[in-house]
Amino acid sequence: MLTKAQARTLVREWLDDPAGKRWSDGRIDLATQLALDDLWTDILDVDSNITSQIHTVTPLVSPGYIDLRTTGQGGQLTQRFYRVQSVVRHGRMYRPVSPRDVLIEDNGVIVGPDRTFYVLSDNLWLFPLETTPEVELKYSFKPINYTSLTDGMYVPFPDGSESAYVLFASAMTMAKGNV
């Protein structure tokens, strides 16, 4: 595994900019963040169980949804949400509902069939709408943002595959200005 500083150094080497005269650390870090998010999306699309978090939510946001943003963004989750794996309430598994079976009323309240859930934007709505009892949400997630890591922290990525994000970040950065 590479640390953030090691990854940045490798990206700089591939860019032929080891002294940082053309690209700042901040710009390289943003390109690396974008590359990692794209690659994690591809990985999780193939197998969403590679990352998994179980979170017990109580109470729900009124009138009856889970805010899928991280707590640092004002939401209720500890990881960066990617996809629902399971939802359990009252000891019963809930199932996803088709958008055509959901009604959004004028005041923004959503109505759907009992024991179902619907993801709309950053919210996971559970039907029937109620704020209690607790809900057990199992979800896949994208790891911490690269831009949030310190230089000495390891970049979360499948071990032995680091060249994928280093080369992708380098290529994305080189594409700017037809380099």
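How many of the 179 residues of the chain count as buried? The share that counts as buried is 40%, where buried means under 20% relative accessible area, exposed over 50%, and partly exposed in between (1.4 Å probe, protein chains only). Some notes on the rest follow.

1. Ground rules. This is a predicted model, so local features need pLDDT of at least 70 and side-chain atom pairs count only at pLDDT 80 or more, while totals for chains, interfaces and linings use all residues. Residues are numbered from 1 along each chain as its sequence is written, and side-chain values use heavy atoms, with hydrogens and water left out.

2. Overall layout. The chain has three helices and nine strands, and along the sequence they run α-α-β-β-β-β-β-β-β-β-β-α. The radius of gyration is 20 Å, well over the 16 Å that the globule rule gives for 179 residues, so the chain is more spread out than a compact globule. (Helices, H or I with at least four residues, and strands, E with at least two, are DSSP runs numbered from the N terminus; the radius is taken over C-alpha atoms, and the globule rule is 2.2 Å times the number of residues to the power 0.38.) Along the principal axes, the C-alpha atoms fill a box of roughly 60 × 30 × 30 Å.

3. Contacts and surface. Take contacts (heavy atoms within 4.5 Å) between residues at least 6 apart in sequence: 67% of them join residues at least 24 apart. Areas here come from the Shrake-Rupley method with a 1.4 Å probe; for residues, only the protein chains shown count as cover.

4. Aromatic pairs. Searching the whole structure turns up four of them. In one, Tyr 65 and Trp 125 have ring centres 4.7 Å apart and planes at 40°, so the pair is tilted. This pair links distant parts of the chain, with Tyr 65 in strand 2 (residues 65–67) and Trp 125 in strand 8 (residues 123–127), 60 residues apart. Both Tyr 65 and Trp 125 are buried. As for the cut-offs, rings of Phe, Tyr and Trp (its six-membered ring) pair if their centres lie within 6.5 Å; planes under 30 degrees apart count as stacked, over 60 as edge-to-face and the rest as tilted.

5. An aromatic cluster. Ring pairs join Trp 40, Phe 157 and Tyr 165 into a cluster. Within it, the rings of Phe 157 and Tyr 165 sit with centres 5.2 Å apart and planes at 70°, so that pair is edge-to-face. Phe 157 is buried at 7% relative accessible area, and Tyr 165 is buried at 0%.

6. Arg 8. Have a look at this residue in helix 1 (residues 4–14). Arg 8 is an arginine with a relative accessible area of 9%, so it counts as buried. Leaving aside neighbours within four places in sequence, Arg 8 is in contact with Asp 25, Ile 28, Asp 29, Tyr 146 and Asp 151.

7. Helix 3 and Trp 14. Leu 167 is in helix 3 (residues 162–175) and is partly exposed at 37% relative accessibility. With Leu 10 and Trp 14, Leu 167 forms a nonpolar surface patch of about 280 Å² of accessible area together. Met 174 is also in helix 3 and is partly exposed at 26%. Its C-alpha atom is separated from that of Trp 14 by 9.3 Å, though Met 174 and Trp 14 are 160 residues apart along the chain. Patch members have over 30% relative accessible area and no salt bridge, with like charges joined within 9 Å and nonpolar side chains (Val, Leu, Ile, Met, Phe, Trp, Tyr) within 5 Å; a salt bridge is a side-chain nitrogen of Lys or Arg within 4 Å of a carboxyl oxygen of Asp or Glu.
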